[in-house]
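Okay, thanks for making time, everyone.

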Amino acid sequence: MKYGFIINKDENFGLEAKDAMKDLLKQIEDGQISYQEFNNKSNEVDRLLGGDTIYAEKNRKQFLTRSLSYQEAKGGFEKKVNESGLTNA
């Protein structure tokens with residue numbers, strides 16, 4: 001599975017911002033970035049682009065989260081039921 005960010009190709013970004021985005025995306029693709037590094041670099045890209053972009057932490061969380069699948073949710077529910085000792089009786 002690949003992850004990335006969409007940017008408006010018509011925007012005129014500075015060279016520093018372009019290089020920072022390229023570096024971030026390459027590290028993601030290569031799997032060579034920790035969660036903390038991802039957050040730090042995304043914040044830096046946001047700063048270089050003027051702030052309040054998709055790279056900002058408050059916006060990133062909204063775009064990078066996903067809902068649990070039915071199977072994931074069911075498995076979590078069953079685990080909690082089993083751990084608590086509850087039954088259908």
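So, what covers the buried residues of α1? Well, this is a predicted model, keep that in mind, and in it the cover over those residues includes α2.

Let's stay with α1 for a bit. The helix runs over residues 15–30, so to speak, 16 residues in total. From the first C-alpha to the last, α1 reaches 22 Å, close to the 22 Å you'd expect at 1.5 Å a residue.

Now, which residues of α1 are buried? That list is A17, A20, M21, L24, Q27 and I28. They cover an arc of only 135° around the axis, so they end up on the same side of α1. If you want the background to that: an α-helix has 3.6 residues a turn, so residues three or four places apart point the same way.

You'll find T53 in the loop between α2, which is 35–48, and α3, which is 57–64. Buried or exposed? T53 counts as buried, because its relative accessibility is 16% and the cut-off for buried is under 20%.

And what does T53 touch? Setting aside neighbours within four places in sequence, T53 is in contact with D46 and N59. With D46 there's a polar contact, side chain to side chain, at 2.6 Å.

Technical notes
Residues numbered from 1 in each chain as written. Predicted model: local features only at pLDDT ≥ 70, side-chain atom pairs only at ≥ 80, totals over all residues. Heavy atoms only, no water. Helix = DSSP H or I, 4+ residues; strand = E, 2+ residues; numbered from the N terminus. Buried < 20%, exposed > 50% of the residue type's maximum accessible area, 1.4 Å probe, protein only. Polar contact = N/O pair within 3.5 Å; in protein donor to acceptor, adjacent residues only side chain to side chain. Contact = heavy atoms within 4.5 Å. Expected span 1.5 Å × (residues − 1). Arc of directions from axis to C-beta.
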